Amino acid sequence: MQKIIATDLDGTLFYPKDTKEMISKPNLFFLQNFIDKGGEAILISGRSDAYCRKTIKKIDRPCAAISYNGACIFDGEKMIYQNAIKNSEAKAIIDEIYKTYKNHGVFLMTENGLSIHLVYKSKLIRYGFRLYYKTQGIYTENLLPYEDQYEKELNEGKIFKIMIYFGLGKRMQNKAKQANTILRNTYDNVECNWSRNVIEITAKDCSKAKALKYLLESQDALDKEVYVVGDSGNDISLFKAFPKNSFCMGHAPDAVKKYAKYTIDKFEDLSRYIFEK
C-alpha cells in the first residue's frame, strides 16, 4: 500500500530550525528518500501558498500542499480549492476580540503577504518587530509592515487567515487558549485554533483535516496509508481524523500531544515507524 506523509512545517518539518537551509539535512534526506521510494508528501501548514511552493522547491520533489490551515489547496501547479474570510466578517471579529481581550496585535495573511497591526503605536517598537522578523532568515513571509498596508488588506484583500496575537509569556498563552475556547463556542461562521500565544482564524469549514480529506478524495487516495505529523493546536484535527498514524512533536504542549497516538522528537524519527512496516 502506498504511504503518504502529511506534515506541518513550523515546529515539525522545520524542527530544529536552520535559518539558512530551511530544512535540516536529516529531515530533508528522510523526506526525499521517502518520496524516492514511492511515498507521497503533502505539506499542510498555516503558512502561505507562496511559502509552501518555496518549500517544495527546497525539497526538490513533487508535493501537494495545503496552506493557511486549509483555506487553499494545490496539487502540482493546480489550485483546486480556496476559501477566504469575508472582509466585513474579519473586521467585526477583530474589533470584538479586542474589546473583550485587549490583545496586543493582529496579523492578516492574504494573497499579497503578511500584514500587521500592533496595538503599540511606538515607531521604535514597530521597528524592533521588523528587525526581529528579519532575523528569521529563510522563514520570513512577504511582510507588509505598515499600518496603511494592514488597513488596505483588511478592507480589500483576500483574507485567508487571521492571527490574533496576545503577547509573550505563559500567562498570555493561557489567555489565548481561554479566548480560543470562547470564540469556538461563539462564532459559527469561522474556524478557530489555539497555537500558543496566538489564535488562528480561518473561514468556516477550513481545517487541516477537512482539507486533507478533500485533497485525498480528489486524488482517489482515501484508501492509502496516511501518516500525519504536527505540533500545534491547528494539528489536532489531523490527529483526530487520522488517529492510527498520528504523530506529535515532543516539544508540543501537553494539551496538543494528548490527541496523537505517538510522540517523536524530530521529523526524521518517522523513519522508525514507516520503513519498518
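Begin by selecting strand S7, residues 113-118, together with S8: the two run parallel and are joined by two bridges. Within this pair, leucine 114 has leucine 143, in S8, as its bridge partner. Keep in mind throughout that what is on the screen is a predicted model.

Now widen the selection to the sheet to which these strands belong, an open sheet of six strands with mixed pairing, whose order is S8-S7-S6-S9-S11-S10. Its edges are strand S8 (143-144) and strand S10 (190-195), each of which pairs on one side only. Packed on this sheet is helix H4 (residues 87-101), which touches strand S6 (105-110), strand S9 (159-165), S10 and strand S11 (198-203), and whose direction makes about 5 degrees with that of S9.

Next, select S6, and ask how many of its residues are buried. Six of its six residues are, so that S6 can be described as mostly covered. If you display the side chains, Gly105, Phe107 and Met109 point one way from the strand, while Val106, Leu108 and Thr110 point the other way, and all are buried.

Stay with S6 and look at its two partners in turn. With S7, S6 forms a hairpin that has two residues between the strands, and the two run antiparallel, joined by six bridges. Methionine 109 finds its bridge partner in S7 at leucine 114, the residue that is also bridged to leucine 143 in S8. The other partner to select is S9, which pairs with S6 in the antiparallel sense over six bridges; here leucine 108 has isoleucine 162, in S9, as its bridge partner.

Move on to helix H7, residues 170-186, which has 17 residues and reaches 24 Å from its first C-alpha to its last, close to the 24 Å expected at 1.5 Å a residue. Which residues of H7 are buried? They are Met172, Ala176, Ala179, Asn180 and Leu183. These residues cover an arc of only 110 degrees around the axis, which puts them on the same side of H7. The background is that an α-helix has 3.6 residues a turn, so residues three or four places apart point the same way. Then turn the view to the face of H7 that is directed away from its buried side, where the exposed residues Lys170, Arg171, Gln178 and Asn185 are carried.

For a stop in a loop, select aspartate 220, which is placed between helix H8 (208-218) and strand S12 (225-230). Is this residue buried or exposed? Aspartate 220 counts as exposed, because its relative accessibility is 67%, above the cut-off of 50%. If you also mark phenylalanine 74, which is 146 residues away along the chain, you will find its C-alpha atom separated from that of aspartate 220 by 15 Å.

Finally, zoom out until the whole protein is in view, with its 11 helices and 14 strands. The C-alpha trace spans about 55 × 40 × 35 Å along its principal axes. For 277 residues, a compact globule would have a radius of gyration near 19 Å, and the 18 Å of this protein agrees with that. Of the 277 residues, 53% count as buried, and among contacts between residues at least 6 apart in sequence, 62% join residues at least 24 apart.

Conventions
Residues numbered from 1 in each chain as written. Predicted model: local features only at pLDDT ≥ 70, side-chain atom pairs only at ≥ 80, totals over all residues. Heavy atoms only, no water. Pairing = 2+ DSSP bridges. Helix = DSSP H or I, 4+ residues; strand = E, 2+ residues; numbered from the N terminus. Contact = heavy atoms within 4.5 Å. Axes fitted to C-alpha atoms, helices over the stretch in contact; angles between N-to-C directions. Expected span 1.5 Å × (residues − 1). Buried < 20%, exposed > 50% of the residue type's maximum accessible area, 1.4 Å probe, protein only. Arc of directions from axis to C-beta. Rg over C-alpha atoms; globule rule 2.2 N^0.38 Å.
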